[in-house]
Amino acid sequence: MLFGRDKKNPIKIADKKAEKWTYATCGYCSVGCSIEIGTNAEGKVVGSRGVGGADVNRGKLCVKGIFEHELFESSGRGDKPLIRESIHQGYRETNWDDAAKTMVSEINRIQETYGRDSFAVVSTGQLLTEEFYTLGKLTRGVIGTNNYDGNTTLCMASAVSGYKRSFGSDGPPGCYEDFEHTECLMAWGSNLPEQHPIIYWRLQESREKRDFPLIVVDPRVTMLAQKADIHLAITPGTDVVLQNALMYVILDEGLEDREYIEANTVGLEQLEAEVQKYDPTSAAAICGIDEDTIRNVARIYAKAGSAMSIWTMGINQSTHGSDGVVGINNLNLITGNVGKEGGTSLSITGQCNAMGTREWSSCSGLPGYRYLENEQDRKDIGEFWNVDPEFFPKKRGLAQTDIFPAIETGQIKGLWLIATNPMTSMPNTERTRKILEKLDFLVVQDSYADVETTQYANLYLPAATWAEKEGVFTNTERRVNIVRKVTDAPGDSKSDFDIFNLLAKYFSGSEKMTFPDKPEGAFEEMKALSKGRLADISGMNHDLIEKQRGIQWPYTEEQSNKGELPPSGGKRLYTEPGTFSHADGMAKLIPLPFIDNNEVPDDKFPFWLNTGRLVEHFHTRTKTGKLGNTNKYSPIPFMEINPDAAKDLGVDQGEYVRCVSRRGDAIVMAMLTQRVPKNMVFIPFHYFDCVNRLTLGLLDPHSRQPAYKQSAVTIEILEDQQAAAQLSMEMRRF
Ligand code: SF4
């Protein structure tokens, strides 16, 4: 007789008849999972699977990765360049040579009429690193505009800025293996199970083997907060106050690591003077965490043999984003928790290759973490590219969030958007719409012709996506991993690498430079430029990267020649005393006064509006909104609202409501949940014409990253539920 489980039919996974599996790195988030894509005897893509021998994911994938192979047949792909004279006309198909000639001649016209910086370029965190490098070469060495940035300003700029201010360079110093060593983990505004599911699995596995305290700082009771030992439901935008209060307790009770501070840091006196103003009693009134809990957390963190902090958008997307990162670094520096096993400041990045753009795209500087402000860096790159160093600007230009206002004021006339969708991703959608309409010339280069921003373009360039091309990504823990080509791109679309090379041919001045015709050629240039620097990749090559399932930088030519195994290359940065990237080798302890400048709830707009991600969707749903197996979990926009608030308003579960801010309104379905407090609502950021119609997006003064998570809204009841449902259904992509 069969009982219980034995009685059930076993789960059967359909045999997709894959004959060949091709290695790649997942093209969604920055966890960097190794994935294999199966093709059948006819060469048709039929399945995805995790790679067992890969250290990052050890065979696992999240829901996005499991269905990633379905991307290749998703709707809305572009297959021909499209052109039109004005955005009020329809597009017509064109060929690549005519598209490239038109684009180059429009850029030349705009620059000759209005100046070199009147044409701007905004790229992404989605391209392969060799593509970023080539785009940087074209933009910095040929086009010459200084208004060149990536959409990573919307997600990672505060982490970059905070690392630079504290440590002298960008580059996360820790790795996932730190979960296996740490004695305390504090997660700041990071909901790992939904945002970075496989990192969450690594963390959870470590906690199951060896329990250690998990402290989560988040205004919402996120999935990670539900797993925490201590959840600090902080008042939005006040992280710096909590950080200062924690340091107050640590310094007041003598829990700091004096030996580490002396060997590695400068600025303790100034930091001490500032944190004196944040005793737990005063701080509690601002940040909403009671004083006993502040003391308790400070003691747990400081007394742990090693402690680490991770963070994501809850810190970065704030008017104090860069300061929040510096605050985390301060906390780890005074407790001796940078550069050791289980002790680190690890920013969990967003897009699959946000790190690749930071390292090699030249967006905010020059390749390999070089600075435009540094004469030697300009000279070195000028010589390597055969460009007069005087052609390079001497300081970085506008960030994406400043480029858009500069279009508004007429300073910028032309824009090239590459794999980014500001109509959905930028705060204040209505303002963004008017800004794009003002442009003389807009080029959208994207895998999808139906991406919202294409409505405002004069020229659309169809690009290959992810594993339709070859090259590398860098993940959150500095691991360089490879994407091999699985299948051809549709129609006449080209890889971004080939598009940049084609354009280079039509610009005068590019003849003196070399543009390698294969990604490996660009990778060799990057290797040469990386030698002896922090992000040294000179010991790597594409085949070795695949063999090792990714290699963390730094991995030097010397290590490679000695036959050292790549994983020994660069698990952690700053492991030796006094080796930080500031000129004196010391990390900076930086005082952080709190400035209260957010939009906050009031009588008219009584709710905090919080925004964030869902596990089944990626960014603006350009991809996941097209796949039934991901879109089905949340096909329409919704809003989390506390049941007590809903009761006061007379809103029932599943009813549509109108959410209104000072910028605009959005129709969303109410989901009643205790995950949000009574004075807060949460709306996922993935949907077009939704939450970013409401957000204000004040900018961080250092990083220029917008504060998406601190706006104020009110909720209105909708009488006509049927009309609202119809509107919502129209927003489904699939
Ligand atoms: Fe891809 Fe990120 Fe999911 Fe891994 S966790 S499968 S990298 S989306």
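Select helix 9 (residues 239–252) and helix 15 (residues 321–334): their axes come within 9 Å and cross at roughly 15°. Axes here are lines fitted to C-alpha atoms over the stretch in contact, with angles from 0 to 180 degrees between N-to-C directions; helices are DSSP runs of H or I with at least four residues, strands are runs of E with at least two, and both are numbered from the N terminus. The model is predicted, with local features requiring pLDDT of at least 70 and side-chain atom pairs pLDDT 80 or more, whereas totals for chains, interfaces and linings use all residues. Residues are numbered from 1 along each chain, and side-chain values use heavy atoms, without hydrogens or water.

The two helices, helix 9 and helix 15, are therefore roughly parallel (an angle under 35 degrees). Next, display the contact (heavy atoms within 4.5 Å): helix 9 contributes Val 240, Gln 243, Leu 246, Met 247, Ile 250 and Leu 251, while helix 15 contributes residues including Asp 323, Gly 324, Ile 328 and Leu 331.

Then move to the open sheet of three strands, ordered 17-18-19 with antiparallel pairing (strands pair if DSSP finds at least two bridges between them). Strand 17 (471–474) and strand 19 (551–552) are the edge strands, each with a single partner, so one side of each lacks a neighbour in the sheet.

Zoom in on strand 17 and strand 18 (residues 479–483), which are antiparallel and joined by four bridges. Here Phe 473 has Asn 481 as its bridge partner, and Thr 474 stands opposite Val 480. Finally, select Arg 478: in this hairpin, with four residues between the strands, Arg 478 takes a positive phi near 65°.

Technical notes. Parallel < 35°, antiparallel > 145°, perpendicular 65-115°, else oblique.
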